[in-house]
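Please read the points below alongside the sequence and the coordinates.

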Amino acid sequence: AFFSACHDDDTQVQTEARKQTTAVYAAKDMPYEFSPFLDSTFDVFHDQMLLASARRTEIVHFSGHGGKEGGLQWLQNDAADSSKEESLSTIADVFECESKREGGSVECVVLNACYTEQLGRAIVARGVPCVLCWRGKVPDEAATIFATWFYKSLVKKGGRQYEAAYKAARIGVNHWREKNRVSARRVPVEVDPDALRPHEAWDLVFLHEATSAGSREGSRGLESPD
């Protein structure tokens, strides 16, 4: 799991890392070895992905920020004081090298960051069987709740039940939304000038091999209370 956010950022990346670790290691019959990489740069990500097949890595998780051009933001240095977007095509190419289709071991990618649906579709098109990602700008707390429930469910089900774990996570996020009366719609641009697409709904998306890169067929989103 790669966690990448500047230390002065208010994104709950460190909280998510702690909750994921707890969810995995609290299981009695733990099916996974969880390896978190905090303050990740792109070079750390690339180096570790080269070892994915040797380690029989099945799930790769990213937590941080989606980029304006469809890629991911990675820290620039160990001081974690600046970040830079790596392109969609470069990241998708890295996953292709370790995908099941190319003889690798990676079968599920979790992109727990805003605006990652386009990247998710590119990764599926490159041969990774399953990707979970976000459509729109997701609240930090919702992203953390999703990760907690997804891995808790995955561990309890003995691993590899990705769609079932996604459904459990979806219930958890919907419960949080209803309890806190959080809308799936973005606020107007006048209130939120930094939103890339301020009027777009945010949704958790499950993509799989049957999903074409240019179609929404095969994706599933959260139930909307709007």
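In this predicted model, ring pairs join Phe 2, Phe 37, Phe 42, Phe 45, Phe 62, Trp 74 and Phe 95 into a cluster. The count of aromatic pairs comes to 13, and two of these pairs are described below together with their places in the chain.

**Phe 42 and Trp 74**
- The rings of Phe 42 and Trp 74 form an edge-to-face pair, with 6.2 Å from centre to centre and 75° between the planes.
- This pair links distant parts of the chain, since Phe 42 belongs to helix 2 (residues 42–49) and Trp 74 to strand 3 (residues 72–75), 32 residues apart.
- Phe 42 and Trp 74 are both buried.

**Trp 134 and Trp 202**
- The ring centres of Trp 134 and Trp 202 lie 5.9 Å apart and the planes meet at 50°, so this pair counts as tilted.
- Because Trp 134 lies in strand 6 (residues 130–135) and Trp 202 in the loop between helix 6 (162–180) and strand 7 (203–208), the pair ties together parts that are 68 residues apart in sequence.
- Both Trp 134 and Trp 202 are buried.

**Charges over rings**
- Arg 177 lies over the face of Trp 202, at 4.7 Å from the ring centre.
- Lys 152 lies over the face of Trp 149, at 4.5 Å from the ring centre.

**Cysteines**
- The count of disulfides comes to 0.
- Cys 97 is exposed, with a relative accessible area of 56%, whereas Cys 114, at 15% relative accessibility, counts as buried.

How values were computed:
Residues numbered from 1 in each chain as written. Predicted model: local features only at pLDDT ≥ 70, side-chain atom pairs only at ≥ 80, totals over all residues. Heavy atoms only, no water. Disulfide = S-S within 2.5 Å. Buried < 20%, exposed > 50% of the residue type's maximum accessible area, 1.4 Å probe, protein only. Phe/Tyr/Trp six-rings, centres within 6.5 Å; stacked < 30°, edge-to-face > 60°. Helix = DSSP H or I, 4+ residues; strand = E, 2+ residues; numbered from the N terminus. Lys NZ or Arg CZ within 6 Å of the ring centre and 35° of its normal.
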